[in-house]
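User: I am new to reading protein models. Please take me through this one step by step.

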Amino acid sequence: MSNKLSLQSTVKFHTGREMPRLGFGSGGLKGDVGIDAVSYAMKTGYLMVDTAQMYGNEEGRKEGSRKRKAQSGVDRQNLFICTKWQPPVEGSDARPTPEQVRDEARQSVARLDKSRFEKEYLDLMIIHHPRPDPEGRANHWKGLALAQKEGWVKDIGVSNFNIKHLEALPAPLPAVNQIELHPWCQQREVVEYCKSKGIVLQAFCPLVRIRKDKFEDPVVVKISKKHNKGVAHVLLRWSLQKGFVPIPKASSPARIDANKDLYDFELDEQDMKELDGLDQGAAGRVSGIDPAHLPD
């Protein structure tokens, strides 16, 4: 597999469009730190950047992308931009209509993208959370579907949705479900369901937030030494070989570079079996979000 995967590898949506197999996560990266990180990531070969309204850094991602273009010459059409629409907070009485969701989503486009052709668009917009209930989720989804129909969002998806949430959504089928995925949290039922429907799985927290107990796990350490690679390399390579789209976050140039150094080795069948054996279910989560226990 190592001779097939590369930094330029893509995965195809059921809509026919494609997304890079490795993304650059930007949660928590704000101000000049975030701008410089995005710019450096794009300059060194990352082709996808992931952000969200909740992160409060969409404007910074635009500035980082502009800086990237000036430094690297990468045009907008060769860059995949993904953001997440934020539903009303827990306990809010707000019940946005599909039209209101569409209009709020449009604000992200203005914050994130202004191409040289003066045509603003996003490659992917995701609903960040399945709250509050089936009716609310349906309206949120219809709002993103309106944006897609109007053409300024190319594909739409969801995040933290379980099987029940996905089954209840009206058409169209989501292109993506972004969920926590790593060897200690494999969400196998949701993964199998999404694969059966052609829904691409984006993996957030693929590096388990650099948790010391995870990075010192004997199984992962042994495999990293076997391949003369870092633990982060092993975790990201596992994600790629499972067919996921990991979106690791980093701010320093050294870590940004390291997180894409994944294509000169391959985890063998025994490696994958041992990593698969680390699954702890809900107990293995580091994000605190368990889709199995979110509102129906």
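User: Over how many bridges do β7 and β8 pair, and in which sense?
Analyst: This is a predicted model, where local features need pLDDT of at least 70, side-chain atom pairs count only at pLDDT 80 or more, and totals for chains, interfaces and linings use all residues. Residues are numbered from 1 along each chain as its sequence is written, and side-chain values use heavy atoms, with hydrogens and water left out. Strands (E, at least two residues) and helices (H or I, at least four) are DSSP runs, numbered from the N terminus, and two strands pair if DSSP finds at least two bridges between them. For β7 and β8 the sense is parallel, and the number of bridges is two.

User: Through which helix does the chain cross from β8 to β9, and with which hand?
Analyst: A crossover is right-handed if, with the strands pointing away from the viewer, the path from the first strand over the helix to the second runs clockwise. This β-α-β crossover is right-handed, and its helix is α6 (residues 188-197).

User: Which strands stand at the edges of the sheet?
Analyst: Eight strands form an open sheet, in the order β3-β4-β5-β6-β7-β8-β9-β10, with parallel pairing. Each edge strand has a single partner, so one side of each is left without a neighbour in the sheet; the two are β3 (24-25) and β10 (245-246).

User: Which residue of β10 stands opposite alanine 203?
Analyst: Strand β9 (residues 200-204) runs parallel to β10, and two bridges join them. Opposite alanine 203 stands proline 246.

User: How many residues of β8 are buried?
Analyst: Buried means under 20% relative accessible area, exposed over 50%, and partly exposed in between (1.4 Å probe, protein chains only). Strand β8 (residues 176-180) is mostly covered, and its buried residues number five of five.

User: What span should helix α4 have, and how far apart are its end C-alpha atoms?
Analyst: The expected span of a helix is 1.5 Å times one less than its number of residues. Helix α4 (residues 134-150) has 17 residues, so it should span 24 Å. The distance between its end C-alpha atoms agrees: 24 Å.

User: Against which elements do the buried residues of α4 pack?
Analyst: Among the buried residues of α4 are Trp141 and Leu144. They belong to a set that packs against β5 (80-85), α3 (98-112), β6 (122-127), β7 (153-159) and α5 (163-168).

User: Is arginine 102 buried or exposed?
Analyst: Arginine 102 lies in helix α3. Contact means heavy atoms within 4.5 Å, and arginine 102 touches Gly143, Leu146, Ala147, Glu150 and Trp152, not counting residues up to four places away in sequence. Its relative accessibility is 19%, so arginine 102 counts as buried.

User: Which kind of pair do tryptophan 238 and phenylalanine 244 make?
Analyst: Rings of Phe, Tyr and Trp (its six-membered ring) pair if their centres lie within 6.5 Å; planes under 30 degrees apart count as stacked, over 60 as edge-to-face and the rest as tilted. By this rule there are three aromatic pairs. Tryptophan 238 and phenylalanine 244 have ring centres 5.8 Å apart and planes at 70°, so the pair is edge-to-face.
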